[in-house]
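Here is a quick tour for anyone meeting this protein for the first time. Have a look at the sequence and the model, then read on.

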Amino acid sequence: MADEDQDGNSAMQTELDQSSLPKDAQVITSILKDMGVTEYEPRVINQLLEFVYRYVTDVLDDAKLYSSHAGNSSISREDVKFAIQMKLDHSFTNPPPRDFLVDLARQKNSTALPTLKTYTGARLPPDRYCLTSSNYRLKSQSKSLRKMSRQGSSSVGYGHQQPTYKPTVNAQMATPGKRKWQDVDDYDI
C-alpha cells in the first residue's frame, strides 16, 4: 500500500513538474519520452533547448541572408530549405559510400604485411627510438686525487682516499641535430 502511494505521488509530482515547464521544454520532454528515454538529468532538457534555439536561429539568419541576396523582402520556404541544406553540408558529415570503403579496404589488404623477425622477450623499437640508452659516462677523478695526495692533503677514512666519480654527458647524445647511428637490427624499415 505504501509503495502504491509513493508511485502515485511521484507520478503526480512529475505531472506537476511538467505543467510548470515552459511549452518548449514540455515538447523536448515528450520527444525524449517517445524515444524511450526515461532517465535523464534535468539539465539535459536545458541543453537540448539551447541546441534547438541556436540551430533554428542560425538557419533563420542564413535564410534571411539568402532572401536578401535574391532581392526578396521576406523569407520564402525555399530560402529556409536552402539554409538547412547548407547547414547540413557544412556542419554534419555523411560517411563515405560502402562501395568506396570496400574498394579502399581491398586495395589496402592486397599488400602483404612484412614478416616479423623471431625474437624472444619484449619487442622494443631500435635503440635510437628508446629512452633506455645511457647518455652519460662516469669519469674517474683519480688524476685529481693523485695531485691532492702529492700536495699533502689529508686522507679520508682509514688511510686511503676514496675515488670519486663525476658524471659527464656524452657529447653525441647532448648535442641536438642529426646523430649517426649504427643500428644493425633496424626492423622498422
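## The overall layout

Helices (H or I, at least four residues) and strands (E, at least two) are DSSP runs, numbered from the N terminus. Counted that way, the chain has seven helices and two strands, and reading along the sequence gives the pattern α-α-α-α-α-β-α-β-α.

A word on the ground rules: this is a predicted model, where local features need pLDDT of at least 70 and side-chain atom pairs count only at pLDDT 80 or more, while totals for chains, interfaces and linings use all residues. Residues are numbered from 1 along each chain as its sequence is written, and side-chain values use heavy atoms, with hydrogens and water left out.

## Inside and outside

A residue is called buried when its relative accessible area is under 20%, exposed when over 50%, and partly exposed in between (1.4 Å probe, protein chains only). Of the 189 residues in the chain, 9% are buried. The chain exposes about 17000 Å², and carbon and sulfur atoms supply 56% of that. Those areas come from the Shrake-Rupley method with a 1.4 Å probe; for residues, only the protein chains shown count as cover.

Contacts (heavy atoms within 4.5 Å) can also be sorted by distance along the sequence. Among contacts in the chain with a separation of 6 or more, residues 24 or more positions apart account for 53%.

## How α2 meets α3

Two packed helices are described by the angle between their axes and the distance between the axes. Here the axes of α2 (residues 23-34) and α3 come within 10 Å and cross at roughly 110 degrees. The axes are lines fitted to C-alpha atoms, for helices over the stretch in contact, and angles run from 0 to 180 degrees between N-to-C directions. Angles under 35 degrees count as roughly parallel, over 145 as roughly antiparallel, 65 to 115 as roughly perpendicular and the rest as oblique. So α2 and α3 are roughly perpendicular to each other. On the α2 side, D24, A25, I28, T29 and L32 make the contact, and on the α3 side I45, L48, L49, V52 and Y53 do.

## A nonpolar patch

What makes up the nonpolar surface patch of about 680 Å²? The residues are F51, V52, Y53, V56, L60, I84, L88 and F92. To join a patch, a residue needs over 30% relative accessible area and no salt bridge; like charges are joined within 9 Å, nonpolar side chains (Val, Leu, Ile, Met, Phe, Trp, Tyr) within 5 Å.

The elements giving two or more residues to this patch are α3 (42-70) and α4 (77-91). The largest share, five residues, comes from α3. L88 sits in helix α4, and its 35% relative accessibility makes L88 partly exposed.

## Salt bridges

A salt bridge is a side-chain nitrogen of Lys or Arg within 4 Å of a carboxyl oxygen of Asp or Glu. By that rule there are four of them. One of these pairs E41 with R43, whose closest N and O atoms are 2.6 Å apart. E41 is partly exposed at 44%, whereas R43 is exposed at 57%.

Another joins E50 and R54 (2.9 Å, N to O). Both lie in helix α3, four residues apart, about one turn of the helix. E50 is partly exposed at 46%, and R54 is partly exposed at 46%.

K87 pairs with D58, the closest N and O atoms being 3.4 Å apart. K87 lies in α4 and D58 in α3, so this bridge ties together parts 29 residues apart in sequence. K87 is buried at 16%, while D58 is partly exposed at 28%.
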